[in-house]
Amino acid sequence: MNPWKILGLKEDANFTTIKRAYRRLLRSCHPDLFPGDVWAQKRFIQISEAYHELCRMLNLDAIVVDDSFLFESFTSEGYSFLFIEVSVEEAFFGKRIHIELQGAEVKCPACDGLGYRWHGKRPVCKECAGKGYKLLSWGKSNIRIICKACGATGFSDQVKCKTCFGRGYIKRQREVFIKLPRGTLPGTILRIDGNSELGIGPAFIEIGIRFPENWRLSELDVTSQIELDLWDALLGGEVMVKTIDGNETLLIPPGTCDGHEFVLKGRGWIGENGKRGDHRIQIKISMPKTPPPPQARILLELLRGLWPVKGPACLTYKSICKTILPE
Ligand SMILES: [Zn+2]
Ligand SMILES: [Zn+2]
């Protein structure tokens, strides 16, 4: 079917319109919104294939960021859907990642599908002497019971095929290396061609990113939070913060307020044009578990003396001091 029609587009639509239509249609059948729904899976494949076909036809970069739906891995109609988490580094710098695709089940070539391998004489089960059953006396007659030791095969377990673990078939696997685009965003969907020789269909890969705890990505800005003890916030000091470019020392000026945001300009995520967003570090002040150190006590007394004349600029700061110092 015509990919333009599937995406509901006129043939002169530009790339932005194509991308927008694809994203909108994805929402109508996304595997995460309709888990286990076969119709939705088929529709997802249809519109995704139409989109990728258009991109191939028009020689466009097919990468689309879906609004952070995460899909569970599943297979449908020969297609694989995989959700893969990569590190911040891999996504930011656009590194090569390794993916293993599972293909169809085929007869094990090592044992020719028997599940057992041996050299020379075929080793038999010692329990049943290779018969696969044992005889049990029952009155005047004997009854046969299945030999549990060999699972009625009559063969010794020792010769189980190590390639297929005795199953007789193996799953074909395909190792794929894909180079992530620089600044890959969470929710990016990539398509990988199948390999008919290995019985492996095409795959859609959705990328998730393992951000450190407390990190949020909004557009290209990274926001993280650090917790400061009240005394550290009052007296100032240095704290280590994690950034994309590594650990960094952040200077905390004395009297830093709760909710204050330090901005590391140009240290956020990276866009298509190579421009970087900012890294915003939010301060969360926690109630101290220790009594105020001498310097803090002097400072608090001093501030309390100043309030009636000229209150401190930060209200939060004032209220925190109030709860700590008795009237
Ligand atoms: Zn085998
Ligand atoms: Zn046996």
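Hi everyone, let's start at isoleucine 145, which sits in strand β6. Strands here are DSSP runs of E with at least two residues, helices are runs of H or I with at least four, and both are numbered from the N terminus.

A word on conventions before going on. This is a predicted model, where local features need pLDDT of at least 70 and side-chain atom pairs count only at pLDDT 80 or more, while totals for chains, interfaces and linings use all residues. Residues are numbered from 1 along each chain as its sequence is written, chains are lettered from A and ligands numbered from 1 in the order in which they are written, and side-chain values use heavy atoms, with hydrogens and water left out.

Back to our isoleucine. Is isoleucine 145 buried, exposed or partly exposed? Its relative accessible area is 37%, so isoleucine 145 counts as partly exposed. For those labels, buried means under 20% relative accessible area, exposed means over 50%, and partly exposed is in between, with a 1.4 Å probe and protein chains only. The areas themselves come from the Shrake-Rupley method with a 1.4 Å probe, and for residues only the protein chains shown count as cover. Leucine 135 lies 10 residues away from isoleucine 145 in sequence, and their C-alpha atoms are 6.3 Å apart.

Isoleucine 145 also belongs to a nonpolar surface patch of about 380 Å², together with Leu136, Trp138 and Ile143. Patch residues have over 30% relative accessible area and no salt bridge; like charges are joined within 9 Å, and nonpolar side chains (Val, Leu, Ile, Met, Phe, Trp, Tyr) within 5 Å.

Now to the metals. Which residues hold the zinc ion (ligand 2)? Cys125, Cys128, Cys147 and Cys150 coordinate this ion through their SG atoms, at 2.2 to 2.3 Å. Donors here are N, O and S atoms within 2.8 Å of the metal (3.2 Å for Na, K and Ca), and water is not among the atoms, so sites may look incomplete. In sequence, the donor residues of ligand 2 are spaced C-x2-C-x18-C-x2-C. Cysteine 125 comes from the loop between β4 and β5, and cysteine 147 from the loop between β6 and β7, so that pair links distant parts of the chain, 22 residues apart. Both cysteine 125 and cysteine 147 are buried.

The angles among the 4 donor atoms of ligand 2 run from 101 to 114 degrees, which makes the arrangement tetrahedral. Four donors count as tetrahedral if all angles lie between 85 and 135 degrees; four count as square planar and six as octahedral if opposite donors are over 155 degrees apart and all others between 65 and 115; anything else is irregular.

Next, the zinc ion (ligand 1). Its donors are the SG atoms of Cys108, Cys111, Cys161 and Cys164, at 2.2 to 2.3 Å. This site is tetrahedral, with angles of 101 to 117 degrees among its 4 donor atoms. Along the chain the spacing is C-x2-C-x49-C-x2-C. Cysteine 111 is in the loop between β4 (96-107) and β5, and cysteine 164 in the loop between β6 and β7 (169-179), so this pair ties together parts 53 residues apart in sequence. Cysteine 111 and cysteine 164 are buried.

On to the salt bridges, of which the structure holds 11. The criterion is a side-chain nitrogen of Lys or Arg within 4 Å of a carboxyl oxygen of Asp or Glu. One of them joins arginine 191 and glutamate 49, with the closest N and O atoms 2.6 Å apart. Arginine 191 is in strand β8 (residues 188-192) and glutamate 49 in helix α3, so the pair ties together parts 142 residues apart in sequence. Glutamate 49 is buried, at a relative accessible area of 17%.

Glutamate 89 and lysine 95 also meet in a salt bridge, 3.6 Å from N to O. Glutamate 89 is partly exposed at 46%, and lysine 95 is partly exposed at 36%. Another bridge, at 3.2 Å, pairs glutamate 127 with lysine 134. Finally, Asp245, Glu248, Arg267 and Arg276 are linked in a network of salt bridges.

Helix α3 (residues 38-58) has 21 residues and should span 30 Å at 1.5 Å a residue, which agrees with the 30 Å between its end C-alpha atoms. The expected span is 1.5 Å times one less than the number of residues. Asparagine 59 follows α3, and its phi is positive, near 55 degrees. In helix α6 (residues 294-306) we find alanine 296, which counts as buried at 0% relative accessibility. Thanks, everyone!
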